[in-house]
Amino acid sequence: MTRRGNSVRPSRNARTTREPDLGYYVIVTDAEATEQLYFEAIRNSLQDDLQDRLVIKVYQSATNDLIRRCLDESSKIPQYSVPCIVFDRDQVQNFDEIIDKADNKNIKVGWSNPCIEVWFEAYFGNMTYYGSSQDCCRGFARKFSDKTGNVYKKSNPANYGLLCQHGDEDKAISCAENKMEEYRRQCKKPSECISSSTVYELVREIKYREQNSILLTR
């Protein structure tokens with residue numbers, strides 16, 4: 001800072017920050033790589049002029065600590081935060097309880113049953129019935145290889161780009177939404193909604209904010 005008389009003005013080297021008026025998403029996941037890389041890739045896919053207006057921060061946490069970590073991180077910037085958790089059914093015994101608790105605390109939940117690969121498969125037009133995470137990962141890996149010509153690796157940061165290049169994100173959202181509407185008439189709780197996912201709701205919201213901003217600036 002430099003002084004001029006009794007006034008104080010910022011130095012030339014001082015940086016100003018822009019408030020993320022389109023949203024500041026705090027996403028906490030229990031996955032070591034897959035979900036984190038996926039949402040980081042969505043963030044990186046945003047137009048450059050939106051990078052500081054629609055912020056997505058992704059953190060990793062133990063499954064039973066997802067809600068606490070999410071609330072802790074979002075409390076640091078409460079006026080801008082959209083708190084979210086993303087996790088799989090897999091072998092989580094209190095899956096439904098975590099979802100209920102998060103809902104009660106106004107935390108958005110992107111859950112997948114049995115795993116997020118069932119949502120990824122929607123990019124290719126359908127969501128196959130898989131009874132376990134192992135079957136889901138194996139089945140999706142085969143389809144991913146057929147569609148993209150690449151071997152599926154959960155830790156590959158290029159996965160999102162390949163899904164969008166060889167699949168269709170808008171159709172994926174419609175596919176997952178139709179599946180959930182069907183299941184909501186049949187299932188009493190998320191753990192019963194096998195081969196479904198609500199991750200599409202979070203992706204749709206982020207993409208809507210991006211697209212709406214682009215339209216408004218035209």
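Visitor: Which residues have the most contacts inside the largest nonpolar core?

Guide: The structure shown is a predicted model. In soluble globular proteins, nonpolar side chains tend to be buried together. The largest nonpolar core of this model has 63 residues. Those with the most contacts inside this core are Tyr25, Tyr38, Phe39, Ile85, Phe87 and Trp119.

Visitor: Which element gives the largest share of this core?

Guide: The core in question is the largest nonpolar one, with 63 residues. Its largest share amounts to 6 residues, and the element that provides them is H7.

Visitor: With which residues is Tyr38 in contact, leaving aside its neighbours within four places in sequence?

Guide: Tyr38 is one of the residues with the most contacts inside the largest nonpolar core. Once its neighbours within four places in sequence are set aside, Tyr38 is in contact with Trp119, Phe120, Tyr123, Tyr160, Leu163, Glu169, Val199 and Val203.

Visitor: How many salt bridges does a search of the whole structure find?

Guide: Side chains of opposite charge can pair when their charged atoms come close. A pair counts here when a side-chain nitrogen of Lys or Arg lies within 4 Å of a carboxyl oxygen of Asp or Glu. A search of the whole structure for such salt bridges finds 11.

Visitor: How many residues apart are Lys108 and Glu205?

Guide: Lys108 and Glu205 form a salt bridge, with their closest N and O atoms 3.1 Å apart. Lys108 belongs to strand S6, whereas Glu205 belongs to helix H8, and the pair links distant parts of the chain.

Visitor: Which parts does the pair of Glu121 and Lys143 tie together?

Guide: In the salt bridge between Glu121 and Lys143, the closest N and O atoms are 3.7 Å apart. Glu121 counts as buried at 0% relative accessibility, whereas Lys143 is partly exposed at 21%. The two residues are 22 residues apart in sequence, so their pair ties together parts that lie in helix H4 and helix H5.

Visitor: Which residues are linked with Arg68 in a network of salt bridges?

Guide: Arg68 takes part in a network of salt bridges. The residues linked with Arg68 are Asp65 and Asp72.

Visitor: How many charged residues are in the lining of the largest pocket?

Guide: The largest pocket holds about 230 Å³ of space. Of the 14 residues that line this pocket, the closest to its centre are Asp30, Ala31, Glu35, Asp88 and Asp90. Helix H1 and H5 are the elements that give two or more residues to the lining. By class, the lining has 4 nonpolar and 4 polar residues, and the number of charged residues is 6.

Visitor: Which element gives the most to the lining of the second largest pocket?

Guide: The second largest pocket holds about 160 Å³ of space, and Trp111, Met180, Arg184, Pro190 and Thr198 lie nearest its centre. Its lining has 8 nonpolar, 1 polar and 5 charged residues. Helix H3, S6 and helix H7 each supply at least two residues of that lining. With 3 residues, the element that gives the most is H7.

Methods. Residues numbered from 1 in each chain as written. Predicted model: local features only at pLDDT ≥ 70, side-chain atom pairs only at ≥ 80, totals over all residues. Heavy atoms only, no water. Helix = DSSP H or I, 4+ residues; strand = E, 2+ residues; numbered from the N terminus. Buried < 20%, exposed > 50% of the residue type's maximum accessible area, 1.4 Å probe, protein only. 1 Å grid on protein atoms, 1.4 Å probe; cavity = no way out; pocket = protein on both sides within 12 Å on 5 of 7 lines; lining within 4 Å. Points joined across faces, edges and corners; volume = space filled by probe spheres on them. Nonpolar A, V, L, I, M, F, W, Y, C, P; charged D, E, K, R; others polar. Core = buried A, V, L, I, M, F, W, Y, C linked by side-chain atoms within 4.5 Å. Contact = heavy atoms within 4.5 Å.
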